[in-house]
Amino acid sequence: MKDNKYAPVIIPTLNRFEHFKRCLESLEHCTGAEYTDVYVALDYPPSECYRVGWEMINSYLTEKESEHGFSHLFVIRRSSNYGICKQDGNYELILKDLSKISDRYIFTEDDNEFSTNFLEYLNWGLETYKDDMSVFAICSCKDIDTNDIKNNVYKLNTIFNAWGYGSWFNRYSKITKLENRLFLLNSVKKANVADVFKKKVKRYSSMLYQVALNTFHFDMLVSLLPKDEKWCVFPKVNKVRNWGWDGTGTHGGSPEAFKKYSTLPIDKDEHFSPLIVEDLFNPIVLERFYQRYKTSTKSYVRAAVTFLCYKLTGCIPVANKKSKWLKVKLLKVQ
């Protein structure tokens, strides 16, 4: 693949030094790293408890700027805290800037570790499906059993995984149009209660949280796209393992999940070549997806309570992260 077909990589970070170092150096060891521009968005600490980790990353990046294995390493150091999951957030602003010079991008959080052929796989997908508007993203992780499929890639339009993915700016613009408080709230207001409880109670609950807290999670917004515009390509063998379930991030603090995702077997091949001998959509994989991601009774009840609470009072129950549902306050949705 020609070097000008390698997409720029975006990594937002703040204070998780060990995670970030592992992520950047795994990318540096990827085949094709020498053709890849990497943009690191180092946010400013929102409080002093983030300062030590931030200083370690800042110092490390100063060294890496002078010697690294990429085509270019660009470090954007924020002078104030920009935050995440909002229109002018830390990585959202880099995406806006990159859209002026590239038609595609690769995004990863700072807690991922990649296979050597991660960049080759992502860039193959981005080039192959660049004109297919039904494909929203090329994802590098799957949590479904696909050992018996013949292809080494497959497609689903029921799930999106952000643990190192690639997309195009003409697809990303569809998401920014959905990132609208009024649109999300009106969607909930128009919801038929009976239909919601049959299929969509978790989605509407998530939308209410995003409106109330003014944070727009990418995964949920992707789920709102029409079904024929949100196909994602996945690898048969994972290209990434995730170390972020240790409680250091905004989400995820489960010891079981940490053990599982930080030890995921990932592709050991140095190079990636597509093996496609049948349709990329496999209904057997889809059925396994539905079995894997069945809504638990606990999740369903929480979503139902949130939705009914909003319908009756205009507020939603929000639990403290540490105390979970032991201490709940009602937050007005406006």
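**Cavities and a buried Asn**

Mentor: The structure holds two cavities of 30 Å³ or more. A cavity here is a set of points on a 1 Å grid over the protein atoms alone where a 1.4 Å probe fits but cannot get out, and lining residues have an atom within 4 Å of a point. This is a predicted model: local features need pLDDT of at least 70, side-chain atom pairs count only at pLDDT 80 or more, and totals for chains, interfaces and linings use all residues. Residues are numbered from 1 along each chain as its sequence is written, and side-chain values use heavy atoms, with hydrogens and water left out.

Trainee: What volume does the largest cavity have?
Mentor: About 60 Å³, counted as the space filled by probe spheres set on the points, which are joined across faces, edges and corners.

Trainee: And which residues line the largest cavity?
Mentor: Tyr91, Glu92, Tyr172, Ile175, Glu179, Phe216, Phe218 and Leu221. Helices H3 (90-98), H5 (169-178) and H8 (218-223) each give two or more residues to that lining; helices are DSSP runs of H or I, at least four residues, and strands are runs of E, at least two, numbered from the N terminus.

Trainee: Switching topic: is Asn242 buried or exposed?
Mentor: Buried, because its relative accessibility is 3%, and buried means under 20% relative accessible area (1.4 Å probe, protein chains only). Asn242 sits in strand E10 (residues 240-242).

Trainee: What does the side chain of Asn242 reach at 2.7 Å?
Mentor: The backbone nitrogen of Gly244.

Methods: On a 1 Å grid over the protein atoms alone, a cavity is a set of points where a 1.4 Å probe fits but cannot get out, and a pocket is an open set with protein on both sides within 12 Å along at least five of seven lines; lining residues have an atom within 4 Å of a point. Buried means under 20% relative accessible area, exposed over 50%, partly exposed in between (1.4 Å probe, protein chains only). A polar contact is a pair of N or O atoms within 3.5 Å; within protein, one must be able to donate a hydrogen and the other to accept it, and residues adjacent in sequence count only if both atoms are side-chain atoms.
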